[in-house]
Amino acid sequence: MLKKIVNNTLFRLVLGVITGLVLGNYLTESTIQVVLSLKYFTGQLIFFLVPLIVIGFIVSSITKLNQGSGKIVGFSLLIAYLSSVGAGLFSTFAGYQIIPNLSIPTSVETLKEVPKILFQLDIPPLFSVMTALVIALMLGMGILITKAKELEKIFDQFKDIVILLVNKVLIPILPFFIAANFAILSYEGSIEKQLPVFLKVILIVIVGHFIWMTLLYSIAGFYHKTNPFKLLKHYPPVYLTAVGTMSSAATLGVAVKAVDDSKVIKPTIANFTIPFFSNTHLCGSVLTEVFFVMTVSQVLYGTIPDVGTMLTFVLLLGIFAVGAPGVPGGTVVASLGLISNVLGFDEAGVALILTIFALQDSFGTACNITTDGALSMIVDQYAEEKV
């Protein structure tokens, strides 16, 4: 039992936060150099992997869109994207209304100055994140259209390698990267003042999840001409399983059984949509990430990104979410390049996002897979009318 707790990613991230906060209070000008070097090296490894994650996940996901009817697949992908983007826009609007009223202190006048790093090892990425995204989209669509099965197998194997690198390299070094960043923030003297804000933000985001779930099931019930509660009443075990496991994959079997027991959706549709949406529909994670990046921007940089920047971020994040499942905190991990390139976050901002996202990851996952039932109702009715 103890070994299972120690090996849990969330436990390690929280331990990294606590270690960093405590350690930062005892660092001197000389010892902070060791922490700065650790942060730089682990950060370089993480950002080197980001373009590989983008290509590995997105190409493989696109090549799987040849399953079943083309119309149903295309429609399913469209509504999954629209739901994620809609959740992101809803979160953006809420962020502009709520975050300025959270009384977040942004003064940096009393912060202790961090010395310059003495040692750094550069590990530049093979290409930029935007280049990786364009390559992934072009390769994925090319393989799908030409039915290049051998290339599809190669990219499936490449995705397996990327997952291995994430699980064996990225995830293990994350606690050290986060601990180093929090130690530096603690050394500066700013982060302790912000902790109550993040607890409030997590609660706000969970409320947002339930609002979005209610909206999607209301739309689904209206379009399907069926009381959505006939399906939704079978979902509490699914929600609780997702909260407990933090994994859509681990919850998939429970979700399939819940939909089957409800008799609301035709089995031929549900057997495709439930697994499909578990890999392409991450509205809860997108809603969470958008609100969190706005909060972190206010905390660390004293301002929320402008509307144009947030719209760009949300629209691109919806694409990244399609290929994100398969790793803990998949959405935020796959979109690290967006966070740094589009929003301009530095390593401290990225570390803070990774940490608070991990603290609520189970609730985001639960929202994702619970709302899959609503989208499946919509696809079921679409198939009845159009196919």
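This dialogue goes through a predicted model feature by feature.

Student: What should I know before reading the residue numbers and values?

Tutor: Residues are numbered from 1 along each chain as its sequence is written. Because the model is predicted, local features need pLDDT of at least 70 and side-chain atom pairs count only at pLDDT 80 or more, while totals for chains, interfaces and linings use all residues; side-chain values use heavy atoms, with hydrogens and water left out.

Student: How many helices and strands does the protein have?

Tutor: Helices (H or I, at least four residues) and strands (E, at least two) are DSSP runs, numbered from the N terminus. Here there are 16 helices and 0 strands.

Student: How do I read burial?

Tutor: Buried means under 20% relative accessible area, exposed means over 50%, and partly exposed lies in between (1.4 Å probe, protein chains only). Of the 387 residues in the protein, 53% are buried. The accessible surface, by the Shrake-Rupley method with a 1.4 Å probe and, for residues, with only the protein chains shown counting as cover, comes to about 17,000 Å². Carbon and sulfur atoms account for 69% of that surface.

Student: Is K39 buried or exposed?

Tutor: K39 counts as buried because its relative accessibility is 17%. This lysine lies in helix α3 (residues 32-63). Contact means heavy atoms within 4.5 Å. Leaving aside neighbours within four places in sequence, K39 is in contact with F177, A180, N181, I184 and E347.

Student: What do contacts say about the protein overall?

Tutor: Take the contacts between residues at least 6 apart in sequence: 88% of them join residues at least 24 apart.

Student: Which residues touch the most other members of the largest nonpolar core?

Tutor: In soluble globular proteins, nonpolar side chains tend to be buried together. A nonpolar core is a set of buried Ala, Val, Leu, Ile, Met, Phe, Trp, Tyr and Cys residues joined through side-chain atoms within 4.5 Å. The largest one has 112 residues, and I53, L170, V293, F313 and I339 touch the most other members. Helix α16 (residues 347-386) gives the most to this core, with 18 residues. A second, separate core of 8 residues includes I32, V35, L36 and A183. As for V293, its contacts beyond four places in sequence are M310, F313, I339, L343, F345 and I353.

Student: Which residues are linked in a network of salt bridges?

Tutor: K266, D380 and E384 are. The N to O distance is 2.9 Å for K266 and D380. That pair links distant parts of the chain, 114 residues apart: K266 is in the loop between α10 and α11, and D380 is in helix α16. D380 is buried, at 4% relative accessibility. For E384 and K266 the distance is 3.1 Å, N to O. E384 lies in helix α16, so this pair ties together parts that are 118 residues apart in sequence. E384 counts as exposed, at 53%.

Student: What is there to say about phi?

Tutor: Most residues other than glycine have a negative phi. K147 has a positive phi of about 55 degrees, and K225 has one of about 60 degrees. K147 lies in the loop between α5 and α6 (149-188), K225 in the loop between α7 (195-224) and α8. Both count as exposed, K147 at 62% and K225 at 65%.

Note on methods: Salt bridge = Lys/Arg side-chain N within 4 Å of Asp/Glu carboxyl O.
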